[in-house]
Amino acid sequence: MCPPGTAVSGPCYPSSLSDEAWGIIQPVLPVRDLRKGGGVRKYGDRLVLDSIFYVLRSGCQWRMLPRDLMPWDAAHRWFTKWRRDGTWDRIHDALRRQVRIGAGRDPEPSAAVIDAQSIKTSEGGEARGFDAGKRTAGRKRHVIVDTMGLLLVVAVTSASVQDRAGGRTVLARLATDFRTVSLVWADGGYANFVDSKLLSWARDALGIIVEIVKRTDDVKGFKVLPRRWVVERSFGWLVRNRRLTRAYERLTATSEAMIKVAMIRLVI
């Protein structure tokens, strides 16, 4: 919890940025070009972020934002604007590189881990389906993380989309955005005895080796598996935020942006 008096307006909520966190994220925020004109902004970037982080962490509706933060419609408008113009992507990528460099690693990864998470949705919205394996009606989050568990690629689809089909989508994005990645670890769902085409497609079309980390058949109950535990921990990080315990967003693009916002809040 940040100390009293550090909020831009009103009390400091547990989700609000501390001075230290603000010092980390401020340099990577977009700088307004005053030569393009426009009026004086009524709300600063710190208050915008505090309002959006409050929705993310508390899971409340936009219309239920506390009055001592910014008006809900203005907060939602800034969240949507930064989603559409790629601001969230740029902030997220810049902070991820900083974390990797601070850990003594190269800014761009060479290996990654892929997995999918089925999650229930609220009523309405696009891309809703049923995952027969997990017995879940809703959507599916397909993610690829680096070996530290930091997000590289995310795609949100209907829960009825198979892991292998969703895997093609995120692997193609990975190959485009991260040319340094040549090895991806995955579970058996991405290459079962019926269909192993994903592995050959990734190798031949993308130049990425997908290595399956299998579970030992004679082991019962929970077991931490090499490499795969990293992405499972990342899913655990995401659902600490009540907004992500269900798929509340009506648009899959909004869901993907909210996941990136969660990772931004995690690393600062």
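Here are some notes on the rings, cavities and strands of this predicted model.

1. Ground rules. Residue numbers start from 1 along each chain as its sequence is written, and side-chain values use heavy atoms, with hydrogens and water left out. Since you are looking at a predicted model, local features need pLDDT of at least 70 and side-chain atom pairs count only at pLDDT 80 or more, while totals for chains, interfaces and linings use all residues.

2. Aromatic pairs. Rings of Phe, Tyr and Trp (for Trp, the six-membered ring) pair if their centres lie within 6.5 Å; planes under 30 degrees apart are stacked, over 60 edge-to-face, and the rest tilted. The count here is five aromatic pairs. Take Phe79 and Trp88: the ring centres are 6.0 Å apart with the planes at 45°, so this pair is tilted. Now look at Trp82 and Trp88, with centres 5.2 Å apart and planes at 75°, so that pair is edge-to-face.

3. Where do Trp62, Trp78, Phe79, Trp82 and Trp88 belong? They form one aromatic cluster. Buried means under 20% relative accessible area (exposed is over 50%, partly exposed in between, with a 1.4 Å probe and protein chains only). Phe79 is buried at 1%, Trp88 is buried at 1%, and Trp82 is buried at 2%.

4. Charges over rings. A charge sits over a ring if NZ of Lys or CZ of Arg is within 6 Å of the ring centre and within 35 degrees of the ring normal. You can find Arg168 over the face of Trp201, 4.7 Å from the ring centre. Arg227 lies over the face of Trp185, at 4.2 Å from the ring centre.

5. Cavities. On a 1 Å grid over the protein atoms alone, a cavity is a set of points where a 1.4 Å probe fits but cannot get out; lining residues have an atom within 4 Å of a point. Grid points are joined across faces, edges and corners, and a volume is the space filled by probe spheres set on the points. How many cavities of 30 Å³ or more does the structure hold? There are three.

6. The largest cavity. Its volume is about 60 Å³, and the lining includes Ile119, Arg139, Arg141, Arg243 and Glu249. Helices (H or I, at least four residues) and strands (E, at least two) are DSSP runs numbered from the N terminus. β3 (136–146) and α8 (252–267) each give at least two lining residues. For residue types, Ala, Val, Leu, Ile, Met, Phe, Trp, Tyr, Cys and Pro are nonpolar, Asp, Glu, Lys and Arg charged, and the others, Gly among them, polar. This lining splits into six nonpolar, one polar and five charged.

7. The second largest cavity. The volume is about 40 Å³, and His92, Arg96, Leu150, Leu151, Met263, Ile264 and Val267 line the space. α4 (87–102) and α8 are the elements that give two or more residues to this lining, and α8 has the largest share, three residues. By type, the lining holds five nonpolar, one polar and one charged.

8. Strand β1. In β1 (residues 111–120), nine of the ten residues are buried, so the strand is largely enclosed by the rest of the structure. Two strands pair if DSSP finds at least two bridges between them. β1 pairs with β5 (residues 183–186) in the parallel sense over three bridges, and Ala111 stands opposite Leu183 in β5. Nine bridges join β1 to β3, and these two run antiparallel. Ile119 has Arg139 of β3 as its bridge partner, and both residues also line the largest cavity.

Technical notes:
On a 1 Å grid over the protein atoms alone, a cavity is a set of points where a 1.4 Å probe fits but cannot get out, and a pocket is an open set with protein on both sides within 12 Å along at least five of seven lines; lining residues have an atom within 4 Å of a point.
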